[in-house]
Amino acid sequence: MDLKFGTDGIRGPVESKITPEACLKIGHATGIVMKELGWNTVVIGKDTRISGYMLESALQAGFIASGVNVNLLGPLPTPGVAYLTKTLRKKFGVVISASHNDFLDNGIKIFNEDGEKISRDIEKKIEKNISKDLKPVETSQIGKAYRFDESGPRYIEFCKSTVPPGISFSSLRIVIDCANGACYKVSPEIFQELGAEVIEIGTDPDGYNINQDCGSTNPEVVKEAVVKHRADFGISLDGDGDRVILVDREGNILDGDDLLYILAYANPNRTGAWSGVVGTHMSNLGFEKGIQELGYKFIRADVGDKYVTEMLSKKGWMLGGETSGHIICKDLVSTGDGTIAALKVISSLLMLEKNPQEVLSNYKKIPQINKAVLVKNKDIINDKDLQALTKEIELNLTVGRILVRPSGTESKIRIMVESPDEKAAEKFAKDIEKVIRSKA
């Protein structure tokens, strides 16, 4: 089995990769490794994919066969599982989800006792054990399984607690798109209990419609609803709730760079743990300059919220994220949390008594062209012709950047070209896309 960890766990098609057999072996292999670390209890959450029920049973069996006790949380956002892993004092947590992918895919994400994604060293140990024969522990040592029915209410109360005292959402009309995913129940309740009038989209999951023409990869859906209902904000979450895109009342779409800038702008303390912001290689050059002009240090991590979190820990900083909408507020959470990021951005704007565009007018993005090319083999990234073209384009970009990389979550090559000359950036991106397609 080719079961290797990518940038966000192990992910792939249910029919060929993330099968019941694969999950049985992943659960058993992970259980063995975690027991060696002294961790003998796991909490398991999932999103709303139809395959989740099947894979949950197989994963559970693998853990139990390794002697690990299991607590089943049911459908819950990925950051909710991370939160409960930490607060329930369970030793590690697992999420069954393929995030923003469609229902044909699924995946496994694993958190340590601090609610952070496990290290590469632990991933390697798990990968090594997956290839071994599955041998259950002695019958007297088999693990037990329990259901934990308070996962949703616990997470709702935690999210509400992150809003500063004195901040009221009672005057706000908010559109929330939950992508027919893990947030479909908890996120609307959070904003309603904080006093907002909530208009729901993507809160009717059927197992197949997760991320289907909705969610953070389709923010135009929320944009249309915000304009139609004259809402104050639109919130677009992805299938597992760890990333978010916002829309303001004028219909402007705010990506992760915009949200990070608002949070940095609103923060009055820019020293110590608040002296720097972490982005990724996808973060806009204009955003980097804007953050630095606010008085922050700025550093880029590899693409993936896991790497942003690792860099924040290394630097001792509190704020970081990705353009795609993974926002890590490390003073509140241990991983990307779309709902909490939305709460914090809206709360910050209410405290500032400013609308988003008043804040965002303080920095200017450089035009950035992004493309994703579907491929059968991501090793195309090492093709000599592609590398030669990339180097040639880099020489032509006196100001700007180019990044061509394999997706860590899908069978795609991602292209990013950044230049003050948008037409040139578009041309360069198309040239790269053409070469990749000719090799695919």
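**Spaces and sheets in a predicted model**

Me: How many cavities of 30 Å³ or more does a search of the whole structure find?
Reply: The model is predicted, so local features need pLDDT of at least 70 and side-chain atom pairs count only at pLDDT 80 or more, while totals for chains, interfaces and linings use all residues. Residues are numbered from 1 along each chain as its sequence is written, and side-chain values use heavy atoms, with hydrogens and water left out. A cavity is a set of points, on a 1 Å grid over the protein atoms alone, where a 1.4 Å probe fits but cannot get out; its lining residues have an atom within 4 Å of a point. The number of cavities of 30 Å³ or more found is one.

Me: How much space lies in the largest cavity?
Reply: The residues lining the largest cavity include Phe5, Asp8, Lys109 and Lys306. Ala, Val, Leu, Ile, Met, Phe, Trp, Tyr, Cys and Pro count as nonpolar, Asp, Glu, Lys and Arg as charged, and the others, Gly among them, as polar; on that basis the lining has three nonpolar, two polar and five charged residues. A volume is the space filled by probe spheres set on grid points, which are joined across faces, edges and corners. For the largest cavity, this space is about 50 Å³.

Me: Which residues are the closest to the centre of the largest pocket?
Reply: A pocket is an open set of grid points with protein on both sides within 12 Å along at least five of seven lines. The largest pocket has a volume of about 1300 Å³. Of its 47 lining residues, the closest to the centre are Arg243, Met282, Ser324, Arg405 and Arg414.

Me: Which strand gives the most to the lining of the second largest pocket?
Reply: The second largest pocket has a volume of about 480 Å³. Of the 21 residues that line the second largest pocket, Arg11, Gly12, Thr409, Glu410 and Ser411 are the closest to its centre. Strands (E, at least two residues) and helices (H or I, at least four) are DSSP runs, numbered from the N terminus. With four residues, the strand that gives the most is strand 1.

Me: What angle does the direction of helix 6 make with that of strand 8?
Reply: Strand 8 (197-201) is an edge strand of an open five-stranded sheet with the order 8-7-9-10-11, where two strands pair if DSSP finds at least two bridges between them. Helix 6 (residues 186-193) packs on this sheet and touches strand 7, strand 8 and strand 9, contact being heavy atoms within 4.5 Å. Axes are lines fitted to C-alpha atoms, for helices over the stretch in contact, and angles run from 0 to 180 degrees between N-to-C directions. The angle between helix 6 and strand 8 is about 165°.

Me: Which residue stands opposite Leu319 in strand 15?
Reply: Another open sheet has four strands in the order 13-12-14-15. Strand 15 (327-329) has a single partner strand, so one side is left without a neighbour in the sheet. Strand 14 (residues 319-321) pairs with strand 15 in the antiparallel sense over three bridges. Opposite Leu319 stands Cys329.

Me: What is the relative accessible area of Thr280?
Reply: Thr280 lies in strand 12 (residues 276-280). Not counting residues up to four places away in sequence, the contacts of Thr280 include Arg300, Asp302, Val308 and Glu322. Buried means under 20% relative accessible area, exposed over 50%, and partly exposed in between (1.4 Å probe, protein chains only). Thr280 is buried, its value being 0%.
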